[in-house]
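The sequence and the model follow.

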Amino acid sequence: MFIVVLVAVLALMHFYVWTRLAKNTTAPGRSRYVATVLFLIPTTILFAGLIGPRVFDTREASWLAWPGFVWLALVFYLVLILLVLEPVRLVLRRWVSRGGAQPPAHDTDTDDGSAEVNRRMFLARGGAVAAGVASVALVGTGASIALGPPKVLAVPVRLGRIDPAFNGFRIAVVSDVHLGPLLGRSHTERIVRMINEAEPDLVAIVGDLVDGTVDELGSAVEPLQDLAAREGSFFVTGNHEYFTDETGAWLHELERLGVAPLRNENTAIRRGGASFALVGVNDVAGEQRSDPPDFDRALAGVGPSQARILLAHQPVQVAEAAQRGVDLQLSGHTHGGQMWPFHYLVSAAQPSLAGLSTVGDTQLYVTRGAGFWGPPVRIGAPPDISVITLHADQ
């Protein structure tokens, strides 16, 4: 059903853009035929790219994914900008009907030679050019941000139950790397280098690391073995880890690389005689794979006075965390919205879009993620690696 709805929405978006950019700006005949063919080429690549991962391996699918997803971003912003221009277009059409505009000189690519038809064609082309220029500028800027290095954010957090021995303890939080057809080994190498340069005490990878199989992406993930943190590197599943049947295989591969999965379990992080509980729960998508989050199991054995820092992919899991006395939850999933105005849709589904907030007595920190999903574009949501510095709140 989801695929059917997605295809229907994409088809409507493309038909609307074709109408405004091809049909309304050309006369029937050769020019409209050429414009339609030029429009259909990237559209076909997009739909082929959507099914590519199910037919081809990751490397082959990337040849379709790059142009297809860039085109998808362009179409999305063309739709938004053209909709914004609709009221202007309607007002100018009435003005044109009253003869308030002059036709462009020597314009012959119209249905007939009437001045009104020429004027309408001129306005349609002007709107198409304006929408095209604005969309290309937005997508180009967003692509440079998405493909550039993540920002390293310094985030101080005060916790009431953390022992003062952990003052200055640094946790590097990275999420939503999304290795797959568009992002590979070089992206992982850059993330590892940036994390190591931050010199954290602990690394937390909070889900959505991969979009593919171990055979396809094992080499892309391999640089994680170079992560350097005194207390180690830890991982919890995101929803994308359940999109294939290789969840278990990926967890074994991460263990081999020195990244410890926390599957509804906890481990004690110690400094001298002090400790806090690092807790990890599975993503809510695991419910569809008989691998659901289990907070009771994850918190088993944690003392009532011990500080609890939870790794959970989706911010929405904070509701259960707050009921169980978690001090700090570290999450991702939202991408910070990735492409405005999706910020508003994500905010409606999650308690926080990005940054530090509070739910009950639990603090929630949400990273915008270090990669992207779908279009290689980020607008209003730059990627980040967050370095949480703990302080005792006394």
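How far apart do the end C-alpha atoms of residues 63-85 lie, and what percentage of the span is helix and what percentage strand? The end C-alpha atoms of this span lie 34 Å apart, and the span is 100% helix and 0% strand, where helices (H or I, at least four residues) and strands (E, at least two) are DSSP runs numbered from the N terminus.

## Basis of the model

This is a predicted model, in which local features need pLDDT of at least 70 and side-chain atom pairs count only at pLDDT 80 or more, while totals for chains, interfaces and linings use all residues. Residues are numbered from 1 along each chain as its sequence is written, and side-chain values use heavy atoms, with hydrogens and water left out.

## Annotated spans

UniProt, in an unreviewed entry, places the feature "transmembrane region" at residues 32-51, 63-85 and 128-148; UniProt positions are given in the numbering used here, feature names are shortened, and annotations may be inferred rather than shown by experiment. For residues 32-51, the end C-alpha atoms lie 29 Å apart, and the span is 100% helix and 0% strand.

The unreviewed UniProt entry also lists residues 169-336 as "domain: Calcineurin-like phosphoesterase". The ends of that span, taken at their C-alpha atoms, lie 25 Å apart, and its content is 25% helix and 23% strand.

The protein is divided into domain 1 (1-98 + 110-145) and domain 2 (150-392), with bounds that come from an automatic or database domain assignment. The C-alpha centres of the two domains lie 37 Å apart, and 19 residues of domain 1 are in contact (heavy atoms within 4.5 Å) with 17 residues of domain 2.

Between them the domains bury about 1500 Å², 76% of it on carbon and sulfur atoms; buried area is the accessible area (1.4 Å probe) that two parts lose on being put together, summed over both. On the side of domain 1 that touches domain 2, the elements that give two or more residues are helix 3 (58-97) and helix 4 (115-147), and helix 3 gives the most, with 12 residues. The residues of that side divide into 15 nonpolar, 3 polar and 1 charged, counting Ala, Val, Leu, Ile, Met, Phe, Trp, Tyr, Cys and Pro as nonpolar, Asp, Glu, Lys and Arg as charged, and the others, Gly among them, as polar.

## Salt bridges

The structure holds 13 salt bridges (a side-chain nitrogen of Lys or Arg within 4 Å of a carboxyl oxygen of Asp or Glu), whereas the count between domain 1 and domain 2 is 0. Arginine 185 forms a salt bridge with glutamate 189, with the closest N and O atoms 3.1 Å apart. Because they are 4 residues apart in helix 5 (residues 185-198), arginine 185 and glutamate 189 are separated by about one helical turn.

## Backbone features in loops

Tryptophan 340 and proline 341 are joined by a cis peptide bond, with omega about 10°, and proline 341 lies in the loop between strand 9 (328-331) and helix 10 (342-349). Aspartate 208, in the loop between strand 3 (202-206) and helix 6 (214-221), has a phi near 55°, a positive value in a residue other than glycine.
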